[in-house]
Amino acid sequence: MHEEQLNPTLHSEEIIGEAETFKNQLLRLKRENKLAVFSAFVIFLFILAAVFAPLLTPYGYADEDIMNRLQPPSSEHWLGTDDAGRDVFTRLLYGARISLAVGIIPTMISILFGAMVGIIAGFVGGKVDAVIMRIADVMLAFPSMLLAMVIMYTLGDGIINIFLALALVNWASVARVVRSETLALKKSEYVEAARCIGVKQRVIMMRHILPNCLPSMIVLFTLNIPSSILAESSLSFLGVGIQLPQAAWGLMVNTGRQFFYSHPWLSLAPSIAIMIIVMAFNFLGDGLRDVMDPHLKK
Amino acid sequence: MKKFAVLLLVLAMVFSFAACGGEKDTQVDVEPGLLRVAMLSDMATMDVAQTTDDYFVPMNVFDRLFEVKVVGDGVTDIVPSLVDTYSAADDSVTYNFTLKEGLKFSNGSALTASDVQFTFERLLTAGGVNDDIPLEVLGAAELQAGTADTLAGFVVADDLNFSITLAAPNAGFIAELTSPAISIVDKETFSEGFGMKIEETIGSGPYKVTEWVVNDHYTLEYNENYWGTAPTATKVVVNIVPDPSTQNLMYQNGELDMIDLGELDTSIVESTYKTKYADKIITSRRVGLTYFAMNANDEYLSDINVRKAIQMAVDRDAIVAGIFNNQATVEHGIIPAGVWGYNEDITKIPYDLEAAKQLLTDAGYAEGEVTIEIAMDSTSSSGTQLVIQVIQQNLIAAGINAQIKTYDESSWLALRNSGEMDCFVATWTMDYNDPANIMYTFYGSEAKTKIRSLNYADTEVMARVAAASSIIDDDARRAEYQALEEIIVIEDAAWLPLYENTHLFAIGDRVADFTPHWAGYTNFYAIDMIMK
Amino acid sequence: MLKSIASRIGQTLIVIVGVAMLIFFLLRIVPGNAVATMMSEHADAATIARISAELGLDKPWYVQFWIYITGALHGDFGTSYALHRPVKELLLLSFPNTVKLAVLAALVAWIIGVLAGIVAAQKKNGFLDRIFMGFSLLGVSMPVFMVAMILQYTIAYKLHWLPISGGDSLKCFILPAIALGWNSAGSIARLTRSTLLEVLQEDYIDTARAKGRSQMGVIVLHALRNAMLPVLTMMALQLSSLLSGAVITETVFGINGIGRLAVDAISGRDIPLLQGTVLFTTVLVVLGNLVADCLYTVLDPRIRKEA
């Protein structure tokens, strides 16, 4: 509960006062933080690879060739083949689709839902606030991995369920941050003014509060993606994640795990892919946070 | 850019760690006679009445009336264990037994005929899962239903002598008595905590359980009161290590004296064990077989032409070579190799993709019209999952629209037991060395066929299967089983046998020799592990 | 201050009740018949019905909920389907291992995290900053089981410094603790770095510098002391989440801890065990957070004044 108590007036003044445009912030990022820019470039490359996967490889991600299983890397199979004779490089490319989707989609859902709930809680206040925040507290109380496991257990396997589980796990922390920002903004002069001249609540929330929460939402978005990508690998480890013959990096690491000591490329290739993308999102998120929202450092 | 290069450098350092580091010999001091093994999960109970999987403690801590002895490569013999002598009446209905003299449980109390009687009665009344064999005894149904207090067919003459009368003749009864299910328990000390508390789980076998830390490890130690020769492994520690990769590394590091290579992928066995530990590998046949079951009530599978096409479309040789590196043999019947009654000369199903396609076309099916769902249990081994995927590809190649659907274990079982499953792949490992074990379980009655062979319909065959166990003449009984096998597999095309696995183990430097369980179970008799 | 602590305790109670309800309802809508799984191959309809009745699964949900809540209040979480033992017994057996692992892992995380954070802050944007932050981030960026397996292979198998798995001795917990602790080090390092950087810009640091203290002296004596508060809070939060079970680390290293119980419960569809494990650990985390919050309230001068 301490976030909103730390000098809210200063907070709101800064957000509104230094109305630096999004474009300017990005320019500043480009100027000040080369690593973040490079990270953005890496992410862009991965997205390209995911989108154009079919053009980059002659194989399909589920094409099995039992007679040629566990082949070492060669000119035919750049990263060798897996335990069912599937081309690992191909699966890495197609895996980018699911892994990026698992990173982005649930995070997007949780940010949008969390922000909506957070704004309502902060703006309406009173009982609505109390009920929403207690529910958020309950969600936050669970160790996230355990909660995701239980939700997957309940919903069953499947990618849609993974989206849902991860979104359910993450919305509450977003709601908390956005709520505290809303509380600060609520006290700002122009929201007071808008209220006085009788602007509808919904309009104030949409027009005035939401846009001002955007920077922190964007930062949270970039920073939550890596944890979702990693969560997929943990869920696959537990056997409740994406199912074969689908390709996802976490699943690939996990099925390659038993061959780690004899055919290390099977699990190392997707591991390194996960590591690079996770680091890239982290660096980009850090950079964005530095230029956009100095108060999110917590 | 430079900074990123630095990061990559750090990464490279971490990974290259793996490449360096000299191999040192660090055989830690281990007390002599200590056998260290690992299992993937802990046992739920030590009580055979409550489990059909956790046989390690029952096999080592308890004795049976008879045991199966491995006398040569793939050759087994049934030998008396607690029993000294026995005789069977000509009708195979009544059997007379005499126990060895001076038998004792690990707590010192005598093992007598009334303990055997108690064992049979308890299996029937405990509401457990292992009552198939005692149910054959005369009066078993009455005892189970509560209309009788004792098992009428079980007569105790004195401490050493007793007789068992069956409800129907069964020439394979002695073979059945070797099953771990018939582990003899002590009537006097039997109590509530049997199977769960180590001090209340008393047997007469070579070992007693001295420690059980749930989910961590359990320890067996030599039972001084054991009637037979003392084992060379005087103490056995079973560690629970849920990750096979970790077990693999532990074995290579000298932390395990034996590893079950069945847990590892064949390619790892091939690349690591067959090269570095070739002289440490112990091979055993896993007596049983993996099969593909087809539902006789299914819209398409009820057509024998479809079933025949499927039989011909699956390339079993490729499965055995590709997935199992030939650590398996193709099976052609129902009774697996290594079982009494196995028929080498059964008509073999050919692999013929064109003939399969032709058969479907002739039967009037368009390409892709036949649609079936192969149900996969998500907990089945990675080998089985690969096999299912290959079968799917084979069937698609034959123009059958085969889909794999994954179910969690409980949903899979529920669906199978409902008789609604289209088809599935599963493995049956023999409990005792008699064809009745598999023939009766799969084709003995309508209740059995509904679950096991997915609604196999021929009631005449079922009646013959049920009657076969009472044929007294061995040759006649074998001929009958083999005739039935031919009808089910070839004429009715109701069953697609796939392969029988070979089970490999690797022993450590401290072990001199090891004889696995005759049917290649993961569980083994620690007394058959000869320590250096 | 007392008032704020009291209200915090009140909130915590509400959260615990909410957690208990959520777990109950999440696990009641699971597909598949738990009893059928438990009985495995041998389940006929009559046996399933009998066992369901024994376990109270045939009763309406509100009766089951009442049994579950009143049981939990008495520390009775029911009996595990798969292991045939009281869940409480299993939890008590696993918990000491989890505590051992969590405390060691927290130590690792704090040492790596704080050290990396200090060095990185001192050499802001320099070579060492990147190296140390990169190293601490590495643990977060790889799937935990990769870290675990690389450690097993290098330290245990190739170098023979430590055992690969299992055992009760402290030695057996070092590798898992590194795998798990490294994973949490990244966030501590980042926080230490950013708070230090902030504190280093304060006036009194300039004063200290003016007095001629060395950079390291400034950091250790002045900056660190003031920057440690948020870091300490985060440490407390992390410890409680480490206690909730390192699901994967425990499985890979064969440690019988809370996390592995949860995994076993999931794969065996063992509802009482899963319910008990999740409830137990979540309540633990909630209580841990409560303690951390109270500590914060007591320690932080700003909050102390406001309250």
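User: How many residues of chain C are in contact with chain A, and what makes them count as in contact?

Analyst: In this predicted model, 37 residues of chain C are in contact with 37 residues of chain A. Two residues are in contact if their C-beta atoms, placed from the backbone, lie within 7 Å. Local features need pLDDT of at least 70 and side-chain atom pairs count only at pLDDT 80 or more, while totals for chains, interfaces and linings use all residues. Residues are numbered from 1 along each chain as its sequence is written, and chains are lettered from A and ligands numbered from 1 in the order in which they are written.

User: Which element gives the largest share of the side of chain C that touches chain A?

Analyst: H1(C) does, with eight residues. Elements that give two or more residues include helix H1 (2-28), helix H10 (215-243) and helix H13 (271-299) of chain C. Helices (H or I, at least four residues) and strands (E, at least two) are DSSP runs, numbered from the N terminus.

User: How are the residues on that side of chain C divided into nonpolar, polar and charged?

Analyst: They divide into 27 nonpolar, nine polar and one charged. Here Ala, Val, Leu, Ile, Met, Phe, Trp, Tyr, Cys and Pro count as nonpolar, Asp, Glu, Lys and Arg as charged, and the others, Gly among them, as polar.

User: Why is helix H13 of chain B called mostly covered?

Analyst: Seven of the eight residues of helix H13 (436-443) of chain B are buried. A residue is buried if 20 or more other C-beta atoms lie within 10 Å of its own, exposed if 12 or fewer, and partly exposed in between, with C-beta atoms placed from the backbone. Among the buried residues are B:Ala436, B:Met439 and B:Phe442. The buried residues of H13(B) pack against strand S17 (423-429), helix H14 (446-452), helix H15 (459-468) and helix H16 (474-491) of chain B.

User: What makes the largest nonpolar core a core, and which residues have the most contacts inside it?

Analyst: A nonpolar core is a set of buried Ala, Val, Leu, Ile, Met, Phe, Trp, Tyr and Cys residues joined through C-beta atoms within 7 Å. The largest such core has 342 residues, and those with the most contacts inside it are A:Ala148, A:Met149, B:Met439 and C:Ala262. Helix H12 (265-292) of chain A gives the most to this core, 18 residues.

User: Why is this core said to lie between domain 1 and domain 2 of chain C?

Analyst: Domain 1 (2-73) and domain 2 (94-267) of chain C both give residues to the core, so the core lies between them. The domain bounds come from an automatic or database domain assignment.

User: What is A:Met149 in contact with, leaving aside its neighbours within four places in sequence?

Analyst: A:Met149 is in contact with A:Leu238, A:Val240, C:Ala262 and C:Ile266.

User: How many helices and strands does chain A have?

Analyst: Chain A comes to twelve helices and zero strands. Of its 298 residues, 54% count as buried.

User: Why are strands S1 and S8 of chain B placed at the edges of their sheet?

Analyst: Two strands pair if DSSP finds at least two bridges between them. The open sheet has the order S1-S10-S9-S8 (chain B), with mixed pairing. Strand S1 (34-39) and strand S8 (207-213) of chain B each have a single partner strand, so one side of each is left without a neighbour in the sheet.

User: How do you know that S9 and S10 of chain B pair?

Analyst: Five bridges join strand S9 (217-222) to strand S10 (235-240) of chain B, and the two run antiparallel. The definition asks for at least two bridges, so the five bridges of S9(B) and S10(B) qualify as pairing. The bridge partner of B:Tyr218 in S10(B) is B:Val238.
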